[in-house]
Amino acid sequence: SSLKNKKNQSFKRRTRTKERSQNTKERAAGTDRNGNIRNYRTWSPLNNQKLMAEYEKYQELQAKSQRMQEEYERQLTAKSDSHKQALREQTEQYETKLHEKTGQLEAAHDEMRQNNEDPRRDKRNK
């Protein structure tokens with residue numbers, strides 16, 4: 001019986017020590033056993049400062065993201081315009097070459113026809 005009492009007292013001491021340790025942790029965190037805020041007045045200003053600092057960081061990142069998006073769109077538009085201009089210039093160059101080659105081909109056909117027609121006339125006349 002005395003041994004049971006000693007074990008019981010030892011268990012109770014350990015339990016109280018754990019409870020005290022838990023209470024100390026809760027006080028440090030500013031919460032009760034259920035995680036509720038115990039001292040809202042002391043906790044709130046610190047939390048508000050942290051919250052405001054995080055919100056400012058968020059706003060800065062959002063502004064930076066907006067600037068980057070605008071820069072990306074500007075570069076994309078510039079590259080697209082440049083590509084379209086290069087395509088127009090290349091199309092004009094090839095059309096010019098096509099007209100030149102078509103003219104050369106027609107001149108060569110005309111020359112061949114004339115050369116083919118002239119010998120036949122000469123043979124008939126002889």
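Which residue's side chain meets that of glutamate 71 in a salt bridge? The partner is arginine 74, and the N to O distance is 2.5 Å. A salt bridge is counted here when a side-chain nitrogen of Lys or Arg lies within 4 Å of a carboxyl oxygen of Asp or Glu, and by this rule the count comes to 3.

The structure is a predicted model, in which local features need pLDDT of at least 70 and side-chain atom pairs count only at pLDDT 80 or more, whereas totals for chains, interfaces and linings use all residues. Residues are numbered from 1 along each chain as its sequence is written, and side-chain values use heavy atoms, with hydrogens and water left out.

Glutamate 71 and arginine 74 are 3 residues apart in helix H2, and are therefore separated by about one helical turn. Helices (H or I, at least four residues) and strands (E, at least two) are DSSP runs, numbered from the N terminus. Glutamate 71 has a relative accessibility of 33% and counts as partly exposed; arginine 74, at 49%, is also partly exposed. In these terms, buried means under 20% relative accessible area, exposed over 50%, and partly exposed in between (1.4 Å probe, protein chains only).

Helix H2, residues 40-125, also holds lysine 57 and glutamate 54, 3 residues apart, or about one turn. Their side chains form a salt bridge at 3.5 Å, N to O. Lysine 57 is partly exposed at 47% relative accessibility, and glutamate 54 is likewise partly exposed at 47%.

Further along the numbering, aspartate 110 pairs with arginine 113 in a salt bridge whose closest N and O atoms are 3.1 Å apart. These two residues, aspartate 110 and arginine 113, lie 3 residues apart in helix H2, so about one helical turn separates them. Aspartate 110 is partly exposed, with a relative accessible area of 38%, and arginine 113 is partly exposed at 47%.
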